[in-house]
Number of protein chains: 2
Amino acid sequence: MSRIRSSQEWEVRASTLARKTTNPIRQIVEHLQVEPNPEKELIALSIGDPTTFGNLNPPDQLLQAVRESIELHKSRGYAPSKGHYEARVAVAKYSAHQGEVSPEDVILTSGCSHAIEMVITAIADCGQNILIPRPGFSIYQTLSEGFGIKTKYYNLLPNEHWKIDLDDLESQIDDDTVAIVINNPSNPCGSVYDKEHLYEILEIASRNKVPIIADEIYEHFVFAGRQFTPISSISKDVPVLTCSGLTKRFLVPGWRMGWVVIHDRNDVLGKEIRLALSNLSMRILGPSALIQTALPAILECTPQSFFDEVLLFIETQAKLAYKELRVAPGLRPIEPQGAMYMMIEIKMALFPEFKDECQFVESLVAEQSVFCLPGQCFEYPNYMRIVLTVPEDKLREACQRITIFCKEHVIGEKRKEIETND
Amino acid sequence: MSRIRSSQEWEVRASTLARKTTNPIRQIVEHLQVEPNPEKELIALSIGDPTTFGNLNPPDQLLQAVRESIELHKSRGYAPSKGHYEARVAVAKYSAHQGEVSPEDVILTSGCSHAIEMVITAIADCGQNILIPRPGFSIYQTLSEGFGIKTKYYNLLPNEHWKIDLDDLESQIDDDTVAIVINNPSNPCGSVYDKEHLYEILEIASRNKVPIIADEIYEHFVFAGRQFTPISSISKDVPVLTCSGLTKRFLVPGWRMGWVVIHDRNDVLGKEIRLALSNLSMRILGPSALIQTALPAILECTPQSFFDEVLLFIETQAKLAYKELRVAPGLRPIEPQGAMYMMIEIKMALFPEFKDECQFVESLVAEQSVFCLPGQCFEYPNYMRIVLTVPEDKLREACQRITIFCKEHVIGEKRKEIETND
Ligand SMILES: Cc1ncc(COP(=O)(O)O)c(C=O)c1O
Ligand SMILES: Cc1ncc(COP(=O)(O)O)c(C=O)c1O
């Protein structure tokens, strides 16, 4: 009666999903030689966790909200898998700048990563594709490829503050395109799109009938003189699934509290996509109820001054790094308008001893103990990304070391030019 | 250059994954008429959240551990996606009864559901199958079917304390079977397997070279006189992926803290499956660092007396419900040995007015305001499941109402018999 399997040896294979779930950043970094110069303290400008160095801390109100939440019975039991109603009400209010939002439009998730996973896997099937920015954050690939969902790049224009190459964007759309991912403000670019550009993007989405996934985890991270416009707030017909959370703005990346907000003014998504998201939320039953219970107080009580201070710090850092690196021979930093990163072009022709920017950053670590992520991590060779949230003295020191490194390695003519000017 | 899509109407479809991610319990319950009798307070014996009624509360030490964790810088930043090392050390120690466990064998997850999702999706591909118990908890289907991973049932034997029908188990194994799920102690059965039976299961797994997924979220929930044996602790060659967490034992289901422990004494899984799990953990970056940071203190400082008290309460409740319902005409409760549930056979032939057990529970709500989950929720008609963690007076009252209901609905002869005895 029993059926002995043909295989008589143990043979346990990983699934396609597991094998194809990869993190390009980790893979590239693992293959780098990052042996710092033992005589200089390592300064890592590579880590996208703003809390790493201890100079940026979450608001007291947020900590207090969780202290109080611990004492509440409600914070211990299962929450509905889309999240506690009160918490979804709070997110709806907090997200009013995105357009009209009701608690029914909100699903709480375990961080913004989980929000992105949910929206991608809710609308994309194996063989279909989503369009993602280049340069861009690798998470969209990490979350798609295991499912056989393809990612197709559209280009950003480094000389136009990383605006989207609209012709390229539209040319990438095909019959299998189910979503365009817009990451604004951007990691790694630090760009912030104005309304006009967002209208142009929406026009393409509307004409081609492709919904938008808006990764706005850096919402409100925009420097003086610029304005943050959520793409959903100006969309007329294009449905927008916005992903955000506490992670960056409230400086608690480890807490894993994110959300999806569904914007669907013209009822294009219908019940089907809401049901899809609701189904997917049942898989792991949402984020920690402890944080959910604190969420209303966190979102309502954190004072504007907290956000202003953090932002002022990042903007000051951006200016510092830009000013310092603008004069580093062979580099061209691109001034950010928001978020917490800066991209820097490395004019590789001026550094012929390095095959590519990976070799450049390897040598930079080996000699100056400064580590920046190579552009390849964002599908963008010849660039490197730095994080602006490190303490000021470290950033200054790092920029100075980068400048020395460039001076020492830039090709002869350029170097002579520098020496003459010195 | 641009390519206008063929579809000129908006048409956004849900993915297969989202459409096929369903919760059978929810679907069945949604189709039930559950209108309680307005004259009697509703007693829900259906909810698997032991904290619902407020009579069971987590240990002080656990709350204190999180209070302290809030103040720590470490609890705010990103943790490694497999979890903080210290937390994994703590889980390894806590899981020593499962066999030798090193921190490298532990991956922290967002609840036990996430642990189960990770292990299933790490080893099963679309078209392959896993074997799951009948009756059994629906989560295994919920997590598999969206991926095209098939679930095949093996039967449990109600008259042998829900032991596995071993012949049936082995006959279900085919060339596409990649894992056997063993849920011990069991939801919904409340059964606890002895060593001998676990050896029999392992023999089948070993002979057929099929790894085991052990859902041991109710570990240690065993009543006096019985012993809990983790299946991993007695496995010689069969790799076991154990899923557990804080959820039930520490009475914090909402906190979403679970883990996978890899047991692979003979190195059958090799690097591939560890890498698979590690890859999958990158998708949502693990559970909240706030709870992770508290985990060592939670696991080390919770006193045995806390567990003993909770268990004694549940066991007393089990005895109460068994004693009360054993005499309800037409019912046959099956005495549980652990966990926090009891299955009750409804001798449907004695209740001919009801088409099936769903109609039985519907009428029970309508007349007596007591709600039990129909067996269909666990793929097991003619039974219903009750939860034992409700307060004692509620449980007693509910059992009495169930008994009245049975007396009023059992067929004539049986009723006469009762009346004669009364
Ligand atoms: C653009 C972008 N999206 C999403 C995320 C993920 O956020 P979370 O940590 O909330 O999952 C990040 C994190 O760095 C990010 O930079
Ligand atoms: C047998 C079984 N496994 C897994 C789970 C899920 O546990 P968690 O809430 O930690 O995801 C449950 C919850 O009821 C359960 O009964």
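A salt bridge is counted here where a side-chain nitrogen of Lys or Arg lies within 4 Å of a carboxyl oxygen of Asp or Glu. In this predicted model, local features need pLDDT of at least 70 and side-chain atom pairs count only at pLDDT 80 or more, while totals for chains, interfaces and linings use all residues. Residues are numbered from 1 along each chain as its sequence is written, chains are lettered from A in the order in which they are written, and side-chain values use heavy atoms, with hydrogens and water left out.

Across the interface of chain B and chain A, 6 salt bridges are found; A:Glu272 forms a salt bridge with B:Arg13, with the closest N and O atoms 3.1 Å apart. The contact (heavy atoms within 4.5 Å) involves 94 residues from chain B and 96 residues from chain A. Together the two chains bury about 8,100 Å², 55% of it on carbon and sulfur atoms, where buried area is the accessible area (1.4 Å probe) that two parts lose on being put together, summed over both.

Within chain A, A:Ser244 is found in strand E8 (residues 240-245), strands being DSSP runs of at least two residues (E), numbered from the N terminus. A:Ser244 is buried, with a relative accessible area of 1%, the limit for this class being under 20% (1.4 Å probe, protein chains only). Not counting residues up to four places away in sequence, A:Ser244 touches A:Cys112, A:Glu216, A:Ile217, A:Glu219, A:Gly258 and A:Trp259.

How values were computed: Helices (H or I, at least four residues) and strands (E, at least two) are DSSP runs, numbered from the N terminus. Buried means under 20% relative accessible area, exposed over 50%, partly exposed in between (1.4 Å probe, protein chains only).
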